[in-house]
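Please look over the structure shown below before reading on. The briefing that follows is grouped by topic.

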Amino acid sequence: QRARSIVSKDFIIGTTGDRLFGSFVEHMGSVVYNGIYEPEHESADEDGFRQDVLGLVKELGLSVVRYPGGNFTSGYNWEDGIGPKAERPVKLDLAWRQLEPNTFGLDEFMRWTRKVGAEAIMTVNLGTRGIDEARNMIEYCNFPKGGKYSDLRRSHGIEQPYAIRTWCLGNELDGEWQIARKTADEYGRLACETAKAMRWVDPTVELVAVGSSARHMPTFPEWDRTVLMHTYEHVDHLSLHHYIGKKQNDTKTFLAMPLEMEQQIKDVIATCDYVQSVKRTSKRMKLSFDEWNVWREPDVEYVPWQTGCPFDWVKFHMEDALVFGSALLSILRHADRIDIACQSLLVNTIPMILTEKGGAAWRNPTFYPFLHASRYGRGQALRLVTDSPKYDTAAYTDVAIVDSAAVYNEEKGELTVFAVNRGEEAVLYELDTRDFGSLAFAEHIVMSHERLSAVNTAQRPDEVKPRTGGKTTLDGGRAESVLEPYSWNVIRFA
Ligand code: AHR
């Protein structure tokens, strides 16, 4: 089989902003407790942060990390998690039915992000709480001094404000599962007034309004339209979430499912642009894809009303990494409108990094496509003109066997083409790179496995991992790569 793409410097989609390479830390299961934070672990540093996990997180080169939820946020009192640890209360978290000891809170998270080298994205509780708490929280985080909450921060030894740039105005408030769910009008009004108050404390912040929590919600995209009608002038981004789970035991269908994610992106853009027209404004709404991932039945049963009990702790299969890779490509292909993207979640809940309490930390196969995009996907996303063989399933027609995206980093003089081969046969992939005359072939990274069900375990952490040495030749501006069956590929020119 053969496929072909033309790649040109002139076909620019947009710049892949730094915030596209983000992840998400929620107080959920063992993401925080026994995940990034485990003071009793042998690798824990002076703050109780697991350094084995920290090392893996740093490898990913995350630009942003969203916190503290998620559904957790809609019942969270941020003040419970600050100040002397001995005085912090244990609370019931109704979102995940767990005991929240509050020994890790806002200040610990900010210290952890600094160690990671990432920027924080903070979410305020617009479920059980509202404007008052949001304005106090932003004062605590971003105001220099002189008010009750900024001085409270200083009394905790944090003299300089955190200057958190990006704030989410709640989370998934359209969902029945949400603590204090709202109608679109109720939420839209609340988000609008909260945004005003927060900006009066710090006019420099960027705000994210809550869009529909999924494309299958009955209120999609009417929720989004209504919320934007209330908030358009006051926010910078609209959020979207998407989780891709295998429904039948059918690989072809599963590999095609990211097409729905791409359709959701297009639907949300259309909704934003519709409201832009109604509002007769030149302001273009940007998208915050602040939760996206693949999903699979967990390997460990969840026990409620514990702290740090694994929730959706799953060893992803090779197959999941291909779907994850395609999802990532759909984000890169919309770099003109998606400004923020957070893989969800970082550790232990449908994670890129798995840990055992008191034991090892290792990489899920999905770790690698993210790593490659974070390393080589920064620059100008280019629109590929592609001709690929296609297949049909009961649910999807015309699914391209080769799914690809390209990014050019002019400063570094590097072109990277990412490609997923969704097929069971090898594909000879021709790339017309004549527009990049001076670039030479640099490397072809491949991730594949003879078993699509292969996983990484604590005992065999490297069962699924990428290797260099994929077959690519370059001659007169035409590259030819062999895309192995069911493979993730990173083809680099420099
Ligand atoms: O799995 C993470 C959860 O999924 C988040 O808390 C919520 O926002 C989404 O429904």
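The shell around the ligand comprises no nonpolar, 7 polar and 3 charged residues, where Ala, Val, Leu, Ile, Met, Phe, Trp, Tyr, Cys and Pro count as nonpolar, Asp, Glu, Lys and Arg as charged, and the others, Gly among them, as polar. This is a predicted model, in which local features need pLDDT of at least 70 and side-chain atom pairs count only at pLDDT 80 or more, while totals for chains, interfaces and linings use all residues. Residues are numbered from 1 along each chain as its sequence is written.

**Ligand surroundings**
- Around the ligand stand Glu26, Gly69, Gly70, Asn71, Asn171, Glu172, Ser213, Glu291, Ser344 and Thr349, a residue being near a molecule if its C-beta atom, placed from the backbone, lies within 6 Å of it.

**The barrel**
- A barrel is closed by 8 strands in the order β3-β4-β7-β8-β9-β10-β11-β12, with parallel pairing; strands (E, at least two residues) and helices (H or I, at least four) are DSSP runs numbered from the N terminus, and two strands pair if DSSP finds at least two bridges between them.
- From one strand to the next, the twist averages 30°.
- Strand β8 (residues 166-169) runs parallel to strand β9 (residues 206-209), joined by 3 bridges, and Cys168 has Val208 as its bridge partner in β9.

**Strand β1**
- Strand β1 (residues 2-6) pairs in the parallel sense with strand β21 (residues 427-432) over 5 bridges, with Glu430 of β21 as the bridge partner of Arg4.
- β1 is also joined by 3 bridges to strand β16 (residues 385-387), in an antiparallel arrangement, where Thr386 of β16 stands opposite Ser5.

**Helices α5 and α6**
- The axes of helix α5 (residues 184-201) and helix α6 (residues 222-231) come within 8 Å and cross at roughly 35°, the axes being lines fitted to C-alpha atoms over the stretch in contact and angles running from 0 to 180 degrees between N-to-C directions.
- The residues of this contact between α5 and α6 divide into 8 nonpolar, 4 polar and 3 charged.

**Leu474**
- Leu474, which lies in strand β23 (residues 472-475), counts as partly exposed because it has 17 C-beta neighbours inside 10 Å; a residue is buried if 20 or more other C-beta atoms, placed from the backbone, lie within 10 Å of its own, exposed if 12 or fewer, and partly exposed in between.
- Between Leu474 and Ser74 there are 400 residues in sequence and 53 Å in space, C-alpha to C-alpha.
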